[in-house]
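Take a moment to turn the model around and look at it from a few sides. Then let's go through it together, one question at a time.

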Amino acid sequence: MSETFEPKSEFLRVLIERGYVHQSSDYAGLDEKALAGEVVAYVGYDCTAPSLHVGSLISIMMLHWLQKSGNKPIPLMGGGTTRVGDPSGRDETRKLLTPEQIEANKEGIRKVFSRFLAFGDGRTDALMIDNAEWLTKLNYIDFLRDVGRHFSVNRMLSMDSVRMRLEREQELSFIEFNYMCLQGYDYVELNRRYGVNLQMGGSDQWGNIVTGIDLGRRMGTPQLYALTCPLLTTASGAKMGKTASGAIWLNEDQLSAWDYWQFWRNTEDADVGRFLRLYTTLPMDEIRRLEALQGAEINEAKKVLATEATALMHGRDKAEAAAETARRTFEEGQTADSLPTIAVPAAEFSAGLGVLSAFVRAGLVASTGEARRQVKGGGLRVNDAVVTDERAVIGAADLNADAAVKLSFGRKKHVLLKAS
RNA sequence: GGGGGAAUGUCCCGAGCGGCAAAGGGGGCGGACUGUAAAUCCGCUGGCUAAGCCUUCGCAGGUUCGAGUCCUGCUUCCCCCA
């Protein structure tokens, strides 16, 4: 669909070329607006966690490119909608968050955007809006009279998300049925208040976005547009950003720059090109060169990906530092003093610290039981020597010149215990 | 309103004659092989002061030497009839 379309605007050209585009309601119309620098676009974010994770990153990048090409981006905080709770995940009798929790989450989330967008009062400066601004004031009767009458249930029933549920005879709660009305209303309200004329989001949001456009037409807004991005999975089919050790959070207090760098460094071969396009701002010819690398050489491309992606999120300094720590740790096998470090009183070393509890202390394993099992599987190392005896003791003799011991869990996770 | 079913190891799915730390998957983690990749193979996947002890099968009681399993009440969810 988008392949046949030749965009004139920088905005659409970049987005299509880099793989952000899944579907649009009107490529040509949107292209005109973007060419004139008249696009004001928003993406909505729920405030269900204290930080966004990499799953949201693709849409943040879309806002970034939008602004770069001379248009205005608006990240919308779902302060109002989160109070209702998006039931999309279903079955998970989602407990409702308190307004205080939502407020705290919102603070955490908004920090991220300043790294990708320039805020201010200028024409293309980004605005941070919260839909609580209008949603919490809604009155049910008024809402039904002013907005509800424009929704066609016939049409809503024909939407994919709804129809699938009905055909499979799965539960579809009234509140869920209404969620798209609220989101549609957001779009109209954003248009009236801030001149928003484009909503972007994941392809699963298509129905909700189009509902908003439709509502706008009935309520007399100018023409609104939709643009969705593909829902990302890794080449082996895993959901983007969810790992066992938890989600890949964007905020540094949830996930360190080092771990963030490692996440990108461990990208599967097949994903490297795609990720370079989506998650870095490197020029396209550089990306084409990097993704053409074969075999082990593709590791070079992965390092670039990791450093560039981390630099966008946490700053170039921290990205370079992580790259350097990784180089020393993995390529030279030395102990880089910039590895995560935990302080332990010197007295404990002289008294002798049990290996099992040392690994628990370092946060590498969850319990001594797990440490015990890992010893059996040969997964623990102290100063690069495999631990074979679970009763071994770490003493002052194991400290290096810097008064630290290196504990390793598997090939990739290392922590320094430093005497203090 | 009436009738019938379901809830299991805090990641998910899911078996479980009254002796159970509880089958089997998936996912995850570790090992081997590699390139900090993928694929493949192997191991692990309640806690602890560890030949023992403690805590787990929706919640609260009860029967029993002994309860995930039987009984009673409650909660939540699903299905059918009205």
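This is a predicted model: local features need pLDDT of at least 70, side-chain atom pairs count only at pLDDT 80 or more; totals for chains, interfaces and linings use all residues.

Q: How many cavities of 30 Å³ or more does the structure hold?
A: Residues are numbered from 1 along each chain as its sequence is written, with chains lettered from A and ligands numbered from 1 in the order in which they are written. A cavity is a set of points, on a 1 Å grid over the protein atoms alone, where a 1.4 Å probe fits but cannot get out. With the cut-off at 30 Å³ or more, the count is 1.

Q: What volume does the largest cavity have?
A: Grid points are joined across faces, edges and corners, and the volume is the space filled by probe spheres set on those points. For the largest cavity, that comes to about 70 Å³.

Q: Which element gives the most to the lining of the largest cavity?
A: Lining residues have an atom within 4 Å of a cavity point, and here they include H150, F151, M159 and D214. Helices (H or I, at least four residues) and strands (E, at least two) are DSSP runs numbered from the N terminus, and the ones giving two or more residues to this lining are α8 (153–157) and α11 (206–219). The top contributor, with 4 residues, is α11.

Q: How many residues of the lining of the largest cavity are nonpolar?
A: Ala, Val, Leu, Ile, Met, Phe, Trp, Tyr, Cys and Pro count as nonpolar, Asp, Glu, Lys and Arg as charged, and the others, Gly among them, as polar. By that sorting, the lining has 3 polar and 3 charged residues, and its nonpolar residues number 4.

Q: Which residues of the largest nonpolar core touch the most other members?
A: Buried means under 20% relative accessible area, exposed means over 50%, and partly exposed is in between (1.4 Å probe, protein chains only). A nonpolar core is a set of buried Ala, Val, Leu, Ile, Met, Phe, Trp, Tyr and Cys residues joined through side-chain atoms within 4.5 Å. Among the 69 residues of the largest one, the residues touching the most other members are L227 and W264.

Q: Why is β15 largely enclosed by the rest of the structure?
A: β15 (residues 413–419) pairs with β9 in the parallel sense over 4 bridges, and 6 bridges join β15 to β14 (residues 404–409), running antiparallel. β15 counts as largely enclosed because of its buried residues, which are 5 of 7.

Q: Which residue in β15 is the bridge partner of T341?
A: Another bridge joins A343 to K418 in β15. K406 stands opposite a β15 residue too, L416. That residue is also the partner of T341: L416.

Q: Which strands stand at the edges of the other sheet, each with a single partner strand?
A: This open sheet of 6 strands runs in the order β1-β6-β5-β2-β3-β4, with mixed pairing. Inside it, β2 (residues 40–45) and β5 (residues 198–202) run parallel with 2 bridges. Two strands have one side left without a neighbour in the sheet, so the edges are β1 (23–24) and β4 (129–130).

Q: What is the phi of D384 near?
A: Most residues other than glycine have a negative phi. N383 has a positive one near 45 degrees, and D384, in the loop between β11 and β12, is partly exposed at 40% relative accessibility. The phi of D384 is positive too, near 70 degrees.

Conventions. Side-chain values use heavy atoms; hydrogens and water are left out. Two strands pair if DSSP finds at least two bridges between them. On a 1 Å grid over the protein atoms alone, a cavity is a set of points where a 1.4 Å probe fits but cannot get out, and a pocket is an open set with protein on both sides within 12 Å along at least five of seven lines; lining residues have an atom within 4 Å of a point.
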